[in-house]
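Please read the points beside the sequence and the model.

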Amino acid sequence: MPGPSIVWFRDDLRLADNPALRAALDRDEPVIGLYVLDEESPGVRPLGGAARWWLHGSLASLAERLAERGGTLVLRRGPAAQVVKKAVADASASAIFWNRRYGGPERDVDAGLKSDLREDGVEVASFGGSVLFEPWTVTTGAGTPYSVYSPFWRACLAGPPPRAPLPEPREIAGPRHPIASDDLDDWDLLPQKPDWAGGLRETWEPGEPAARRRLREFLADDIAHYGKARDEPAAGATSLLSPRLRWGEVSPHTVWHEGVESGSAGKFLSELGWREFAWHTLFHFPDLATKNLRREFDAFPWPRLQPSRLEAWQRGRTGFALVDAGMRELWETGYMHNRVRMVAASFLIKNLLIDWRRGEQWFWDTLVDADAANNPFNWQWVAGSGADAAPYFRIFNPELQAKKFDPDGHYVRQWAPEHRSDEPPRPMVDLGETRRAALDAYEAVKRAPRG
Ligand code: FAD
């Protein structure tokens, strides 16, 4: 007896171009949408605060959109391996579909579920929806993962192009017998006291409709300046799609194809390539957030942490205008411009000699686009320990970076105006001295055997 199908939504909170949803609809049986808040499966990284805020808005939007079409979203909480099986049993579902995840612990959960459910006679299928190219299909001639971006991206582009996006369904037949669902508000994803999310609410609108709108706007108005102005934090020239891609409110396939059609997206599409590279790297190195990719960096002699220094950085009180502006933008909006992320990260690692993992953790907690691959990948890139990383000895000078990329001081004036006053704050460290100390510390890495 065929029963309803479950679509297990994860990092794909959308209706358009959702292969798992399409597969469920093609069965012509009622469809139940399921989302599981899993903070318990071993190794699955609990979400940061800003990400939880985004998730709340995105789930509310998805539930509304499903309901408008006749469908439903069931919310359950707990270790996915158990919770998903229970939902399948409660619904007497005969099929379940999902779009793939690429983190190590998540893959373990999914593989276990797939085999257990199949043993129980449930149809299970997974699809590619979050990256343009499946990680196991892009390898060097020797069958190993790429460690350098350019040949990686060339190899991606040499194969068949990303598949065309699937249309958004108009109608979704909901189940005849609804199953129990948590109430989204009971998940406490939103901050209570203190409510620090005012700046996030002013800056962002989570959900698929806003994501599609932003993509259209960006391609119509901003893409022409992207190549030239993407490094200037005050220019507003970038897409601001990162949280939308993180949560899958828009698929990379849709962004790719609409970008290609716009005719002027070359540089922009290569940034999507960095996203692919980060995700493929995570697929091959699941410990990306905790372990140096280049193991010789294990020899780096990080000094004992001085918590007041870390806090000065987190609060944007370093006395360096571009770093302070970036860290305040992050705190206020859950976002920081890419150039400023690089400068702020370099300052933490190389001028304060604080382990990149502490910075990564702060970003994980405060970014609305905090992404299991992009965040550690980029921190390791700045540290010099990662894939195709900036060499350690290339140390950004935050003052020169401010002159070059924020020459009129618009960005600094917006986020850290005291730096443009008659009495600007004093720098917390001497750039020359700390640079020399960083290079001395790096000698230990140079002496270590290459990993
Ligand atoms: P655009 O310039 O419009 O780029 C379009 C898309 O390409 C982005 O949305 C993103 O998905 C992808 N992209 C762009 N640059 C990169 C990059 N360097 N690496 C990987 N993908 C990229 N990005 C995240 O999505 N999540 C993170 O947690 C994250 N942490 C970072 C930490 C550090 C220290 C640094 C230096 C960068 C980090 N990035 C992260 C990458 C980058 O800063 C953001 O993707 C970008 O600023 C998002 O703005 P946008 O969408 O306007 O980018």
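In which helix does Ser346 lie?

1. Ser346 belongs to helix α13, residues 338-351; helices here are DSSP runs (H or I, at least four residues), numbered from the N terminus. This is a predicted model, in which local features need pLDDT of at least 70 and side-chain atom pairs count only at pLDDT 80 or more, while totals for chains, interfaces and linings use all residues. Residues are numbered from 1 along each chain as its sequence is written, and side-chain values use heavy atoms, with hydrogens and water left out.

2. Ser346 counts as buried because its relative accessibility is 0%; buried means under 20% relative accessible area (1.4 Å probe, protein chains only). Leaving aside neighbours within four places in sequence, Ser346 is in contact (heavy atoms within 4.5 Å) with Asn351, Val382, Ile395 and Phe396. Ala383 is 37 residues from Ser346 in sequence, and their C-alpha atoms are 7.0 Å apart.

3. Arg52, in helix α2 (residues 49-68), is also buried, with a relative accessible area of 15%. Not counting residues up to four places away in sequence, Arg52 touches Glu39, Leu47, Arg77, Trp187, Asp188 and Leu189.

4. An N or O atom in the side chain of Arg341 is 3.4 Å from a nitrogen atom of the ligand.

Methods
Helix = DSSP H or I, 4+ residues; strand = E, 2+ residues; numbered from the N terminus. Buried < 20%, exposed > 50% of the residue type's maximum accessible area, 1.4 Å probe, protein only. Polar contact = N/O pair within 3.5 Å; in protein donor to acceptor, adjacent residues only side chain to side chain.
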